[in-house]
Structures are given as C-alpha cells and as structure tokens.
Amino acid sequence: MSSIVIRALQSARDGTFRRKIAVRMHELHWGILHQMEWLVFYLGKAPWQCAIKAWYMRLWGAEVGKNLYMERAVMLKGAEDLKIGDNVAIGAFSLINAAGGLIIEDNVNISTGCRVVCVNHSVPPVGVDTRFAPCWSAPIRLKKGCWLATNAIILPGVTVGEGAIVVAGSLVTKDVPDWSYVAGIPAKFMMFREGYKPPKPKPAEETKTPG
Ligand SMILES: CC(C)(COP(=O)(O)OP(=O)(O)OC[C@H]1O[C@@H](n2cnc3c(N)ncnc32)[C@H](O)[C@@H]1OP(=O)(O)O)[C@@H](O)C(=O)NCCC(=O)NCCS
C-alpha cells in the first residue's frame with residue numbers, strides 16, 4: 001500500500017501523472033468531438049448551421065473558405081486533405097472522400113447525391129477479398145465555378161475544368177475541359193458552354209528529317 005502511495009507521490013512530482021491525465025483528457029476530447037460527426041453533419045443549411053460545419057471541418061484540418069453552403073447529411077472523410085474555397089455549395093447526401101488531396105475551388109456547385117472520391121481499392125488476385133486489398137489515392141481538383149449536377153461521380157485523379165458542367169448521373173474517369181459539358185458513363189465531352197471560345201489548337205511543329 002505504502003509503495004503505491006510513494007509511486008503516486010513520485011509520479012506527481014516528476015510530472016508523469018499529470019502527463020498521463022493530460023493525454024487521457026486529450027484522447028477523450030477528440031473522441032467526443034469525433035462522435036459529434038453525425039450530429040454536425042445532420043444540421044441543416046441555415047448560415048449558422050453551415051458555419052458550425054465549417055468550424056468542425058477546420059478542427060479536423062480542412063481549409064475552408066467563406067460562405068460555405070452545405071446541406072444536410074453530407075458524408076465527409078479525410079478532412080485533413082481537404083481545401084475548400086469561397087462560396088462553395090455542397091448538396092444533401094453527397095459523399096466527399098478527400099483522403100489523398102481534394103481541392104474545391106471558389107464558386108463550385110456540388111448538387112445532391114454526388115460522390116467525389118480520391119480513394120480506390122486496388123484489385124487483388126482472384127481469391128483475395130477486395131475488402132482487404134490495399135488502397136491507393138490520387139488528388140482531385142474541382143476548378144472555379146464548375147458544377148457537378150445531381151448524382152455525378154468523380155473518380156480519383158480527375159480535374160474538372162473551370163466552369164465545366166458534369167451533367168446529372170455522369171461518371172467521370174478523365175479530366176474535363178474548361179467550360180465544357182460532359183455526360184454519360186464513362187463521361188464524354190458533349191459541347192462547350194454557350195459563349196465560350198475554346199483556344200485554337202497549335203499547328204503541329206514541322207518535323208525535321210535527319211541529315
Ligand atoms: C446539364 C443539364 C442542365 C442540361 O440541360 P439542357 O441544357 O437543358 O439539355 P437538354 O435537356 O436540352 O438536353 C440536351 C441533350 O443532352 C442529353 N442529356 C441531358 N441531360 C443528360 C444527362 N444527364 N445524361 C445524358 N444525356 C443528357 C439530352 O438527352 C439531349 O440529347 P439529344 O440532343 O440527343 O436529345 C441537365 O442535363 C442536368 O444535368 N441537370 C441537372 C439537374 C440537377 O442536378 N439539379 C440540381 C439538383 S440539387
């Protein structure tokens with residue numbers, strides 16, 4: 001008994017006890033905040049509710065700009081790899097997996113039920129369960145003012161161009177040109193937006209024949 005008291009007194013004196021308590025409190029604090037996730041993301045779209053969501057994402061390491069508009073029940077993973085610009089809108093029931101690097105530039109509009117996923121499972125040999133296959137990720141960039149219409153899916157490594165429109169239900173596997181529409185599974189170029197003049201392709205360089 002006396003040895004326990006002596007050890008407790010010693011640890012209090014050299015600071016280990018205090019350190020242990022501090023570490024435990026820290027874990028508890030973060031644990032509670034983590035459990036708040038469902039509560040925070042179930043909040044609605046009123047400005048004060050969006051401000052709480054922005055604060056919560058910053059807490060987990062995200063960079064979030066001004067005027068975030070985020071509807072109910074957005075599922076977010078990998079906040080530490082997420083950068084959101086100003087005036088971004090994210091619709092209800094969207095899934096954002098930013099692990100690996102996701103940049104959402106200013107004025108991007110993500111409609112209801114979109115999926116933006118930076119992470120993929122590698123495909124294992126036959127007989128190995130895909131659940132245990134290693135994951136890989138590639139960064140996604142949604143450039144200024146682009147619009148992901150409802151139920152669009154953006155796969156790892158894709159850049160969606162400035163002002164581009166990914167029409168409803170498209171599955172984007174490759175980069176999308178600026179100011180274009182893309183549609184389908186997999187998404188293909190449809191046309192440029194009205195009023196946009198695409199840059200003319202550069203004339204092919206003359207090939208010099210040797211000798
Ligand atoms: C992008 C969008 C607005 C285009 O609308 P639009 O310019 O009026 O286009 P139209 O309806 O005139 O269709 C033009 C062509 O594209 C096709 N098309 C339209 N939407 C399409 C889609 N989602 N996928 C594939 N093709 C589509 C049409 O069939 C039509 O083809 P056709 O010329 O061979 O007949 C519309 O496709 C869309 O995605 N809306 C999104 C709705 C949404 O997300 N709302 C917000 C919810 S929060």
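Two strands count as paired here if DSSP finds at least two bridges between them, and with that in hand we can say that strand 16 and strand 18 pair in the parallel sense, over two bridges. Before I go further, please keep in mind that what you see above is a predicted model.

Let me start with the chain as a whole. The secondary structure of the protein chain comes to four helices and 19 strands, and of its 211 residues, 26% are buried. If we take the contacts between residues at least 6 apart in sequence, 20% of them join residues at least 24 apart.

As a reminder, strands of a sheet pair through backbone hydrogen bonds, either parallel or antiparallel. Walking along the order, strand 13, which covers residues 147-148, runs parallel to strand 16 and is joined to it by two bridges, with L148 having V166 of strand 16 as its bridge partner. One step on, I165 stands opposite Y181 in strand 18, and Y181 in turn stands opposite M191 in strand 19. In which sense do strand 18 and strand 19 pair, parallel or antiparallel? They pair in the antiparallel sense, over four bridges, and in their hairpin, which has four residues between the strands, G184 takes a positive phi near 100°.

Finally, the core. The largest nonpolar core has 42 residues, and those with the most contacts inside it are I154, V160, V166 and V172. Among the elements that give two or more residues to this core are strand 14 (153-154), strand 16 (165-166) and strand 18 (180-183), while the largest share, three residues, comes from helix 4. What is V172 in contact with, if we leave aside its neighbours within four places in sequence? The list includes I154, V160 and V166, and it also holds A152, I153, L155, V158, V182 and A187.

Methods:
Residues are numbered from 1 along each chain as its sequence is written. This is a predicted model: local features need pLDDT of at least 70, side-chain atom pairs count only at pLDDT 80 or more; totals for chains, interfaces and linings use all residues. A nonpolar core is a set of buried Ala, Val, Leu, Ile, Met, Phe, Trp, Tyr and Cys residues joined through C-beta atoms within 7 Å. A residue is buried if 20 or more other C-beta atoms lie within 10 Å of its own, exposed if 12 or fewer, and partly exposed in between; C-beta atoms are placed from the backbone. Two residues are in contact if their C-beta atoms, placed from the backbone, lie within 7 Å.
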